[in-house]
Amino acid sequence: MSTSVLVVEDAPEIRLMLTSFLKEQGMTAHGVATGAELRTTLPTLRPDIVLLDINLPDADGIALARELRLGEQCGLIFVTSRDSEDDMLSGLDAGGDDYVSKPINLRTLLARIRSVLRRTTEQIITFDGWILDPVRRELFRPDGSMVQLTAGEFNILAALASRMTQPLSRDFLLDVISNRDPREISEHTVDNLIVRLRRKMQLDGVAAPIATVRGVGYALVPLQPVARS
């Protein structure tokens, strides 16, 4: 079964460009122009990925994603001309898996879509009693309680877990949450997300197993070997 993509974009030329390109890549692509059309189309189409513009004529895409809990229903990539760091973080906090700025590089966008699809098919990862479920995008403490993570926090943790003990650079982690040139935004974006992750993963006075690797970036270094189920 081919990947189903719903493109929510009010500019007809961009909408046609995206749907045509995705169909050429063997995907099923459907385009709508407004938030209202998204609401009516989503329940019947049930897409694997939604490409969502923020500046819609009848809605703000970030607010709409949060209201509809899009990130819990399918992969969500914001595709927008709004390129500030605050917008990106707001999009990720609203459940976005990624944030792509216009003008759109089609090959880069395709890679982003495939990356999101890979994350939804990865196996459950456990470390030091923690359980990371890439399919449901959930993190559970050793006592079984769930940790509420934003999309940006989860994506960084999933990237670290996929390269267990191997340091990942800030630029790499920034690329995990955004396609933008790291030189154009603050290098503290990743640092801030790591701080939030560490705070949420501190357990009974024990620090989160996320180490700072001087001159490189960050690594997940659990005391017990990683297991996949």
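Is Asp60 buried, partly exposed or exposed? Asp60 has a relative accessibility of 31% and therefore counts as partly exposed; buried stands for under 20% relative accessible area, exposed for over 50%, and partly exposed for the range in between (1.4 Å probe, protein chains only).

The model is predicted, so local features need pLDDT of at least 70 and side-chain atom pairs count only at pLDDT 80 or more, while totals for chains, interfaces and linings use all residues. Residues are numbered from 1 along each chain as its sequence is written, and side-chain values use heavy atoms, with hydrogens and water left out.

**Salt bridges**

Side chains of opposite charge can pair when their charged atoms come close. The structure holds 11 salt bridges, a salt bridge being a side-chain nitrogen of Lys or Arg within 4 Å of a carboxyl oxygen of Asp or Glu. Among them are the pairs in this table.

| Pair | Closest N and O atoms |
|---|---|
| Arg82 and Asp60 | 3.3 Å |
| Arg82 and Asp87 | 3.2 Å |
| Asp191 and Arg170 | 2.7 Å |

Arg82 forms a salt bridge with Asp60. That pair links distant parts of the chain, 22 residues apart: Arg82 sits in the loop between strand S6 (75-80) and helix H5 (85-93), and Asp60 in strand S5 (residues 59-60). Helices (H or I, at least four residues) and strands (E, at least two) are DSSP runs, numbered from the N terminus. Arg82 is partly exposed at 24% relative accessibility. Its other listed partner, Asp87, is buried, with a relative accessible area of 17%.

Asp191 forms a salt bridge with Arg170. Here too the pair links distant parts of the chain, with Asp191 in helix H9 (residues 188-201) and Arg170 in helix H8 (residues 170-177), 21 residues apart. Asp191 is buried, at 14% relative accessible area, whereas Arg170 is partly exposed at 29%. A network of salt bridges links Asp93, Glu153, Arg196 and Lys200.

Three strands form an open sheet in the order S12-S14-S13, with antiparallel pairing; two strands pair if DSSP finds at least two bridges between them. Strand S12 (168-169) and strand S13 (210-213) are the edge strands, each pairing on one side only. S13 pairs with strand S14 (residues 217-220) in the antiparallel sense over four bridges. Ile210 stands opposite Leu220 in S14.

Helix H7 (residues 151-162) lies across S12, S13 and S14 and runs at about 70° to S14. Axes are lines fitted to C-alpha atoms, for helices over the stretch in contact (heavy atoms within 4.5 Å), and angles run from 0 to 180 degrees between N-to-C directions.
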